[in-house]
Amino acid sequence: MSAGTIVFALLLGFSAGLLAGFFGVGGGILFVPTLVALGLSQIEAEATSLLAILPTVAAGTWRQRRYGNVDRRAALTLGLASIVGAVAGVQIATTLPEDTLRRLFGVLLLGVAGQLAWRARRAAPYPSES
Amino acid sequence: MPLKLLAIGLVAGLFSTLFGVGGGIVVVPLLIIALGFESKRATGTSLAAIGITALAGTILYAFEGHVDVAHAALVGLPAAAGAVIGTGVQQRLSGRALMLAFAGLVAALAVWLLLS
């Protein structure tokens with residue numbers, strides 16, 4: 001791994017963390033393409049992204065708890081229910097061909113971009129704030 | 001409310017391991033729209049839930065031998081520093097400013113997708 005590659009990885013990692021803090025996501029949307037660019041296969045990038053998410057969410061949650069923004073019961077319910085979905089997701093991802101998985105991820109990115117554009121265009125962002 | 005939370009969690013988990021993402025992209029809007037969470041509370045709660053989801057996903061993928069610990073550290077550790085700064089900045093932005101930042105992210109993602 002060259003020095004340039006390491007700097008690239010560190011910068012993208014830092015950016016992904018900033019986004020995680022802003023928007024309550026783990027940064028995986030950026031981790032996966034970064035890891036693919038670093039030479040990992042799509043399935044390795046996705047699996048490794050999940051591990052990379054852990055320090056990010058730990059830091060983010062620590063900060064959010066200080067601000068009183070975490071509903072602990074809801075988070076626990078969501079998290080435990082997600083394990084069932086996660087088992088199914090791994091089964092599907094490991095069964096799918098590599099290029100199909102990568103194309104699906106591309107579609108996900110397009111969907112995310114579209115969702116954000118749609119939300120930003122609305123005058124009142126969310127019902128709770130209108 | 002618990003049923004809706006369970007359903008959101010289930011979908012988030014599937015998304016998470018299928019795509020290698022935390023699932024916040026699904027959880028944050030659903031908490032706001034389906035359960036009436038205020039946006040900062042949705043963000044914070046989603047982050048905490050993602051911790052559990054990503055841990056489960058990592059363990060499941062580790063059994064398959066797909067997890068590269070060195071690469072995870074290379075992007076994950078600077079990301080943790082970014083997350084601390086990101087949440088700090090979020091507290092000083094209004095809900096509307098947060099939406100504008102969202103719009104900026106859309107534009108960046110669109111350009112990035114077109115160029116890659």
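1. How many helices and how many strands are there in chain A? There are 5 helices and 0 strands in chain A, and from the N terminus on its elements run α-α-α-α-α. Please keep in mind as you read that this is a predicted model.

2. On burial, 50% of the 130 residues of chain A count as buried. For chain B, buried residues make up 53% of its 116 residues.

3. In chain B, 43% of them join residues at least 24 apart.

4. The contact between the chains takes 86 residues from chain A and 83 residues from chain B. On the chain B side, helix H1 (2–19), helix H2 (24–35), helix H3 (39–64), helix H4 (69–90) and helix H5 (95–115) each supply at least two residues. H3(B) gives the most to this side, with 23 residues. By class, the side of chain B that touches chain A has 49 nonpolar, 28 polar and 6 charged residues.

5. Now for the largest nonpolar core, which has 66 residues. Its members that touch the most other members are A:Phe31, A:Ile53, A:Leu78, B:Val27 and B:Val75. H3(B) provides the largest share of this core, 10 residues.

6. B:Val27 deserves a look of its own. Leaving aside its neighbours within four places in sequence, B:Val27 is in contact with A:Leu78 from the other chain, and with B:Ile8, B:Ala12, B:Ser46 and B:Ala49.

7. In chain A, helix H4 covers residues 72–95. Its 24 residues should span 34 Å at 1.5 Å a residue, and its end C-alpha atoms are 34 Å apart, which agrees. H4(A) also has a kink of about 30°, centred on A:Ile83.

8. Buried residues of H1(B) include B:Leu5, B:Ile8, B:Ala12, B:Leu14 and B:Phe19. B:Ile8 and B:Ala12 have already come up as contacts of B:Val27. Just after H1(B), B:Gly20 takes a positive phi of about 70°.

9. Finally, B:Phe37 lies in the loop between H2 and H3 of chain B. Why does B:Phe37 count as buried? It has 24 C-beta neighbours inside 10 Å, and the cut-off for a buried residue is 20 or more. Leaving aside its neighbours within four places in sequence, B:Phe37 is in contact with B:Leu31, B:Ile32, B:Ala42 and B:Thr45. B:Val84 is 47 residues from B:Phe37 along the chain, and their C-alpha atoms are separated by 22 Å.

Notes:
Residues numbered from 1 in each chain as written. Chains lettered and ligands numbered in written order. Predicted model: local features only at pLDDT ≥ 70, side-chain atom pairs only at ≥ 80, totals over all residues. Helix = DSSP H or I, 4+ residues; strand = E, 2+ residues; numbered from the N terminus. Buried ≥ 20, exposed ≤ 12 C-beta atoms within 10 Å, placed from the backbone. Contact = placed C-beta atoms within 7 Å. Nonpolar A, V, L, I, M, F, W, Y, C, P; charged D, E, K, R; others polar. Core = buried A, V, L, I, M, F, W, Y, C linked by C-beta atoms within 7 Å. Expected span 1.5 Å × (residues − 1). Bend = angle between axes of the 7 residues up to and from the residue.
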